[in-house]
Amino acid sequence: MSLLGKAGHASAAHESGFAAHRAGVDRLLASYRAIPANANVRLAKKTSNLFRARAKNTAPGLDVSGLAKVIAVDADAKTADVAGMTTYEDLVAATLPYGLAPLVVPQLKTITLGGAVTGLGIESSSFRNGLPHESVLEMDVLTGAGEIITATPDGEHADLFRGFPNSYGTLGYSVRLKIELETVQPYVALRHIRFHDLRELESTLARIVTDKSYDGERVDYLDGVVFTADESYLTLGRQTDEPGPVSDYTGMDIYYRSIQHDSDRPKRDRLTIHDYLWRWDTDWFWCSRAFGAQNPTIRRFWPKRYRRSSFYWKLIALDHKYDIGDKLEARQGNPPRERVVQDIEVPVERTADFVEWFLREIPIEPIWLCPLRLRENGASNAGRPWPLYPLQPNRTYVNVGFWSAVPTVAGQQEGKANRAIEQTVTEFDGHKSLYSDSYYGKDEFAALYGGEIYTDLKKRYDPDQRLLDLYSKAVQRK
């Protein structure tokens, strides 16, 4: 095909994508108008990447069935227009053929772009690319008032643009997002570096974030795993186009187990860029062990198509619906377990302090580490704050992720472990993501997550309170 033919084909695909998107928006607006005026507006979706309870609502939800596609990719400008309900699995599939990827690709395939922006997301490129909302150039938002407005960093609705991250659909839902992309190479070369001391890991991590290199080799991706206080790892990834053998962790081999080794020298590995971006999804980090999927005998007969986070979510939903886990514990004479599924951020200099406290007080392992910094030169950043999740510019934080459950004691306060985590994170000048159980009081919550700025945004973009407010959605039980 000639260059002109390719351009014509791209233009036709572009127009077709936007036409289909406009039809999806029309269905969305029609569904909004069909919701009774006295009912809360919500999405009509059966699945969610949230771990906290969802409010019960018998009214019809918003029809987002036409908002789950990549609308257009502009390879020359390195941008993509994406419908809000598009999963990162589909987004990456659309951009990788151009040698491009989103600046931050959260770990699980079913996370949506809109979800990662309104609910925050993170991955191993976040030490250089920040968080997903920082690569957004503009977005169309269906507000609680039923209007679709275009929010940009400097336009009429710049306040919504900056207040949207961490609002969790309480100000509106993203309909279309235009995002920056970056060039990626076909492979990622990995180095797994073992540490016997958490203080040494902390100082090394901080240095890599600053230098963007380690031992003379560039670092494009950076995260870590703590198994015990005496065994922890940083994994350093470098993009490369050098051909060679690659590992496959979608079969019998398990990615997080491949990190472990006894040598003080780095262990090396290689993955395709596709498999690197989804390295955690096959076993949902390490959480698939709760379903027996890491048992070699069971794994051999567990279909590959069901070795992915979306299927584990279905098993979790069944557990929540029927209390399967607690019933099994009761049969063995054990008490119910408290779910401790959280991601928190603390300043890098408090990382070892927090991890040491956590390992002492909360019997969960492994735990995940992922450094992040707000982008210094992002098109949407310009040194201005994101008020609903106020990280400081020019400061390194470390996300600590832990996802399991702990035994309860009869008569103890509900959420004892989670409450202790919240208190410690605040004492260490950190923040906690709101996708899971939270126990903050109203005043403390307001001080941590936007306060009067959020209240003003709510009045402007959801004056009739059609959407739940953030405290009700994140903390109060319905």
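**Exercise 1. How closely do the axes of helix α12 (residues 351-361) and helix α13 (residues 416-427) approach, and at what angle do they cross?**

Solution. In this predicted model, the axes of α12 and α13 come within 11 Å and cross at roughly 160°. Angles over 145 degrees count as roughly antiparallel, and therefore α12 is roughly antiparallel to α13. As for handedness, α12 passes α13 in a right-handed crossing. The next step is to identify the residues: from α12, Phe 354, Trp 357 and Phe 358 meet Ala 420, Ile 421, Thr 424 and Val 425 of α13. Sorted by class, this contact of α12 with α13 holds six nonpolar residues and one polar residue, with no charged ones.

**Exercise 2. Describe the crossing of α6 and α12, and give the classes of the residues that make the contact.**

Solution. Begin with the geometry: the axes of α6 and α12 come within 9 Å, crossing at roughly 145°, and the crossing is right-handed. On the α6 side the contact is made by Leu 198, Arg 199 and Glu 202, while α12 contributes Thr 351, Ala 352, Asp 353, Val 355, Glu 356 and Leu 359. Dividing the residues of this contact by class gives four nonpolar, one polar and four charged.

**Exercise 3. What is the strand order of the open sheet of eight strands, and which strands lie at its edges?**

Solution. Reading across the open sheet, the order is β12-β7-β11-β10-β14-β15-β13-β16, and the pairing is antiparallel. The edge strands are β12 (267-272) and β16 (431-432), each of which pairs on one side only. Helix α6 (residues 198-211) packs on this sheet, where it touches β7 (187-195), β10, β11, β14 (367-372) and β15 (397-407), and the direction of α6 makes about 20° with that of β11. Looking within the sheet at one pair, strand β10 (residues 221-228) and strand β11 (residues 231-240) run antiparallel and are joined by seven bridges. In this pair, Leu 222 stands opposite Leu 236 in β11.

**Exercise 4. Locate Ser 310, and state which side chain joins that of Ser 310 in a polar contact.**

Solution. Ser 310 has its place in helix α10 (residues 309-322). A polar contact of 2.7 Å joins the side chain of Ser 310 to that of Arg 308.

**Exercise 5. Where do Pro 366 and Tyr 168 lie, and what backbone feature does each show?**

Solution. Pro 366 is placed in the loop between α12 and β14, and the peptide bond that joins Glu 365 to Pro 366 is cis, with omega about -5°. Tyr 168, for its part, is found in the loop between α5 (158-163) and β6 (172-183). The phi of Tyr 168 is near 50°, which is a positive value in a residue other than glycine.

Terms used:
Residues are numbered from 1 along each chain as its sequence is written. This is a predicted model: local features need pLDDT of at least 70, side-chain atom pairs count only at pLDDT 80 or more; totals for chains, interfaces and linings use all residues. Side-chain values use heavy atoms; hydrogens and water are left out. Two strands pair if DSSP finds at least two bridges between them. Helices (H or I, at least four residues) and strands (E, at least two) are DSSP runs, numbered from the N terminus. Contact means heavy atoms within 4.5 Å. Axes are lines fitted to C-alpha atoms, for helices over the stretch in contact, and angles run from 0 to 180 degrees between N-to-C directions. Angles under 35 degrees count as roughly parallel, over 145 as roughly antiparallel, 65 to 115 as roughly perpendicular and the rest as oblique. A crossing is left-handed if the near helix is turned anticlockwise from the far one by less than a right angle, and right-handed if clockwise. Ala, Val, Leu, Ile, Met, Phe, Trp, Tyr, Cys and Pro count as nonpolar, Asp, Glu, Lys and Arg as charged, and the others, Gly among them, as polar. A polar contact is a pair of N or O atoms within 3.5 Å; within protein, one must be able to donate a hydrogen and the other to accept it, and residues adjacent in sequence count only if both atoms are side-chain atoms.
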